[in-house]
Number of protein chains: 2
Amino acid sequence: MNTFNAIDRLVVLLAKLPGIGKKSAVRLAYHILNTDASYARVLSEQLACLHDSIKRCSECGSFTETDPCPICSDSGRDDSVICVVEKPQDVYVIEESREFNGKFHVLGGLIAPLDGVNPGDLSIGRLLSRVKRRKACEVILAVNPTLEGDTTTLYLQQILKEVGVEVSRLASGIPVGGDLEYIDRLTLSRSIRARVKM
Amino acid sequence: MNTFNAIDRLVVLLAKLPGIGKKSAVRLAYHILNTDASYARVLSEQLACLHDSIKRCSECGSFTETDPCPICSDSGRDDSVICVVEKPQDVYVIEESREFNGKFHVLGGLIAPLDGVNPGDLSIGRLLSRVKRRKACEVILAVNPTLEGDTTTLYLQQILKEVGVEVSRLASGIPVGGDLEYIDRLTLSRSIRARVKM
């Protein structure tokens, strides 16, 4: 195209999203254009109000429309178990599994000294005060089993032990449906060490 | 999540886009939320004005902001060659290749009697009048080599021959970088029949 029209501008914007290249962006833009205008309108409205309607929960640090968030203010959930995650979308993912009925705590990152992220940059102080205030009996460390995640897990484990709360971490091993042949060496050795008695 | 908040609503909308499943939609929604609010605002504005600012070109039938479209009104482009495509995004794709400097004609679909699409539903009459009016010397049929595409190509070829204009179609064969081992039988046999003398 010689001119830079409304479709091109939309393509440029969509191509900035993660996992969406130029071709996908073109496909999406034309799909939206070929779809009823009401879809584009509703999507536009949602995007316009997104940042205004979503804030951080003052209790757990997750994204929410109301403060405290629906999970923190839900009396039906177990106050004595706190699941520690890196970022708000991890709360979403764990909620989707429907396996956990306690409360959450969002760290806001992982300890990564090389990237300049130190324990003081994370909401660890707030986690400790929540653990004491709520008299939590277990803290589940649910961060990714990466270098930064493991560092953070180890750090939190030491600090939380001093407070006298039970600390656990998510099981690491071969994913369901996985294939031994394609599993990396570290995962395999970790799953052998953490083998389960039958 | 117990409640249906602004993030969930955005996820539901994004998951309606082609090639975007629930997981990708969640990832995109959180990415937008974590990105500066100005991105969401600009994207929202683009979506809001999209359907109002884009219309069909009365000459070629492609999407455009101005009528006639920049391609149809570009005097630097060859008026005597018309490239016939199925839909507006095909114009975009061919323009990206920078291989064609003539004009376009958007059919608005392909002949598919089983789906109730007959020649009368496509802009074939307008194509014929353009060919006569502009005294075009060549029409390139650039539709996908599918059942419907081949049917349409055959139909247009017969009609256009009567008008006395040269008709060509895109070469069909093994894509560049393709592997003989993985090419389907039909493409392979077509590329053998259409082999090029060296």
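First, housekeeping. This is a predicted model, where local features need pLDDT of at least 70 and side-chain atom pairs count only at pLDDT 80 or more, while totals for chains, interfaces and linings use all residues. Residues are numbered from 1 along each chain as its sequence is written, chains are lettered from A and ligands numbered from 1 in the order in which they are written, and side-chain values use heavy atoms, with hydrogens and water left out.

So, confidence. pLDDT is the predictor's per-residue confidence, from 0 to 100. Chain A averages 92, with 98% of its residues at 70 or more. The model scores ipTM 0.81 and pTM 0.80.

Now the interface. Taking contact as heavy atoms within 4.5 Å, 52 residues of chain A touch 52 residues of chain B. Together the chains bury about 5,200 Å², 68% of it on carbon and sulfur atoms; that's accessible area lost on being put together, with a 1.4 Å probe, summed over both parts.

What about charges? A salt bridge here is a side-chain nitrogen of Lys or Arg within 4 Å of a carboxyl oxygen of Asp or Glu. The rule finds four across the interface of chain A and chain B, and E65(B) with R9(A) is a salt bridge at 3.2 Å, N to O. On the chain A side, the elements giving two or more residues are α1 (6–14), α2 (22–34), α3 (37–53) and α4 (88–97). The largest share, 12 residues, comes from α3(A).

Next, symmetry. Superposing by least squares on C-alpha atoms with pLDDT of at least 70 in both copies, a 180° rotation with 0.0 Å of shift along its axis puts chain A on chain B, RMSD 0.0 Å. The two copies are therefore related as by a two-fold rotation axis. In chain A, the C-alpha nearest that axis belongs to S44(A), 2.0 Å away. And 100% of chain A's interface residues are also interface residues in chain B, so the copies meet through the same surface.

Last one: over all chains there are 24 salt bridges. R130(A) and E59(A) form a salt bridge at 3.3 Å, N to O. R130(A) is in helix α5 (124–133) and E59(A) in the loop between β1 (55–56) and β2 (63–64) of chain A, so the pair ties together parts 71 residues apart in sequence.

Definitions and conventions:
Buried area = accessible area lost by both parts, 1.4 Å probe. Helix = DSSP H or I, 4+ residues; strand = E, 2+ residues; numbered from the N terminus.
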